[in-house]
Amino acid sequence: MQAASRDEGPQFALPLVIRVEKARAVLWFLSDARVTGADGVVGEWAGVTRAWQDARIRKVVRRARGAAWVRASALAGITVVRGSAQVRVFPPVPVDDWPVELAKLQVSGTDFDDPETPAEPGAGVPVLWLNPELAMSAGKAMAQVGHGVQLVWWELEPRDRSEWKAVEFDLAVRVAAVGQWKELLASGLPVVTDGGFTEVAPGSATVVADHPALPWSRRARGLLG
């Protein structure tokens with residue numbers, strides 16, 4: 001669907017509720033049988049997911065603790081756990097009609113301290129590169145990274161998708177160096193361009209997504225760390 005027509009129909013958002021930082025929830029959602037269907041049966045979330053993808057691709061990250069997390073977990077969705085991090089992702093909802101259990105959750109408070117400098121990504125690990133010149137909250141950055149993995153997912157062949165899922169969607173998120181960022185933008189890799197609804201100006205490039213299976217991958221060619 002062309003960009004102009006994306007604004008004409010109903011708008012949906014993919015809700016993600018975090019208990020603590022980070023997850024691969026978007027990929028688990030996109031690969032779930034309730035989205036993809038199975039054995040010739042249309043998935044129960046296929047229709048609303050198609051409507052969401054045909055409009056502006058929005059993701060909203062909110063946080064929950066204690067009883068609020070329990071209430072959110074009672075809604076249909078997928079919980080992704082990695083270490084101490086938990087994220088629950090839900091089927092897309094209209095941007096102006098969220099379930100009350102999610103609408104009450106806070107958007108603020110999704111910033112986290114990272115006590116250690118991240119190590120270099122392992123060989124063959126997909127990397128989501130963040131724009132080093134944009135200040136974004138952790139919640140905003142997580143949503144942008146979610147957009148990035150979705151762009152990669154659309155480009156991958158079924159075999160590559162299956163292989164990625166088999167390693168639990170292993171990936172790394174890093175802030176690019178300024179010079180590196182310019183190279184990434186010119187590389188032909190998928191680029192997330194923000195709609196400008198929150199925090200950054202419309203049209204800002206926020207993330208470049210690199211996966212070794214992409215034909216123009218710079219990691220596969222050993223050009224970037």
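Modeller: Strands S3 (residues 78-82) and S4 pair in the antiparallel sense over five bridges. Two strands pair if DSSP finds at least two bridges between them; strands (E, at least two residues) and helices (H or I, at least four) are DSSP runs, numbered from the N terminus. The model is predicted, so local features need pLDDT of at least 70 and side-chain atom pairs pLDDT 80 or more, while totals for chains, interfaces and linings use all residues. Residues are numbered from 1 along each chain as its sequence is written, and side-chain values use heavy atoms, with hydrogens and water left out.

Colleague: Which residue in S4 is the bridge partner of Arg82?

Modeller: Ala85.

Colleague: Why is S4 called largely enclosed?

Modeller: Buried means under 20% relative accessible area, exposed over 50%, and partly exposed in between (1.4 Å probe, protein chains only). In S4 (residues 85-89), four of the five residues are buried, so the rest of the structure largely encloses this strand.

Colleague: Is Lys140 buried or exposed?

Modeller: Lys140, in helix H7 (residues 138-155), has 9% relative accessibility and therefore counts as buried.

Colleague: What does Lys140 touch?

Modeller: Contact means heavy atoms within 4.5 Å. Leaving out residues up to four places away in sequence, Lys140 touches Asp194, Thr198, Glu199 and Val200. The Lys140 side chain also reaches the backbone oxygen of Thr198 at 2.9 Å.

Colleague: Which residues of helix H9 are buried?

Modeller: In H9 (residues 178-185) they are Gln180, Trp181 and Leu184. Strands S6 (127-130) and S9 (205-210) are among what covers them.

Terms used
A polar contact is a pair of N or O atoms within 3.5 Å; within protein, one must be able to donate a hydrogen and the other to accept it, and residues adjacent in sequence count only if both atoms are side-chain atoms.
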